[in-house]
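Thank you all for coming; I would like to take a few minutes to walk through one structure with you. Please have a look at it first, and then we will go through some of its details together.

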Amino acid sequence: MKKIFLLAVLAGGLAFGQTKKVVASDVHWWGYKVAKSEASSHDGTIKVKSGNVVLKGNQVVGGTFVLDMTSINSTDLSGEYQQKLNGHLKNGDFFEVEKYPTGTFKITSVKKNNDKVYNSLVTGNLTVKGKTNPVSFPAKIAVANGAVTIESNKFSFDRQKFDVAYKSTMQDVFVKDDIDMTVKVTAK
């Protein structure tokens, strides 16, 4: 009887997948002024507070990641200028982190992509400032030795869809709508 129960538990795990906890992450962002170029951009990082990846066999079939919006940090500046930009990003001008301290990304599908390096297309629902919109990105996914790594190519999304709008008299004239990101997470 114990063997049958154990077999049922193992079979259930294979049918429904297994969940791996995020143990490492690297999320990098780029925001642009006037023109989308390195000369008119700022870039930085944001931390993944928690997350998981769901596998069925050796295939990623789902996952959820919680972004710590209070950790948004500009890495292209230092000192007083960095502090000013970080404060600007965190206040009501952009991300309102006191009101919305976290964001989430929930994987809804993973499909084959026709790129030799980034051979998967990850699609999910990104929620920032209480607004949810679909976002897709090319990624390379590796499953080995009990760990899964998802690493994206650089991708863009429209910040306006999440009400991340510069609240000034110039509105968004000097800030481009595209935010670029790269994401790398490892789960075990």
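Let me begin with a question: which residues form one aromatic cluster here? In this model, which is a predicted one, the residues in question are F105, F137 and F155.

The rings of F157 and F162 are arranged edge-to-face, because their planes stand at 85°, with 5.7 Å between the centres. F157 counts as buried at 12% relative accessibility, and F162 is buried as well, with a relative accessible area of 2%.

Let me now turn to the strands. Strand 7, residues 147-152, is mostly covered, with 5 of its 6 residues buried. It pairs in the antiparallel sense with strand 6, residues 131-144, over 6 bridges, and also in the antiparallel sense with strand 9, residues 175-187, over 4 bridges. I150 in strand 7 stands opposite I141, while in strand 9 the bridge partner of I150 is V185. In the hairpin of strand 6 and strand 7, which has 2 residues between the strands, N145 takes a positive phi near 50°.

Finally, the charged end of K154 sits over the ring of W30, 3.8 Å from its centre.

Technical notes. Residues are numbered from 1 along each chain as its sequence is written. This is a predicted model: local features need pLDDT of at least 70, side-chain atom pairs count only at pLDDT 80 or more; totals for chains, interfaces and linings use all residues. Side-chain values use heavy atoms; hydrogens and water are left out. Buried means under 20% relative accessible area, exposed over 50%, partly exposed in between (1.4 Å probe, protein chains only). Two strands pair if DSSP finds at least two bridges between them. Rings of Phe, Tyr and Trp (its six-membered ring) pair if their centres lie within 6.5 Å; planes under 30 degrees apart count as stacked, over 60 as edge-to-face and the rest as tilted. A charge sits over a ring if NZ of Lys or CZ of Arg is within 6 Å of the ring centre and within 35 degrees of the ring normal.
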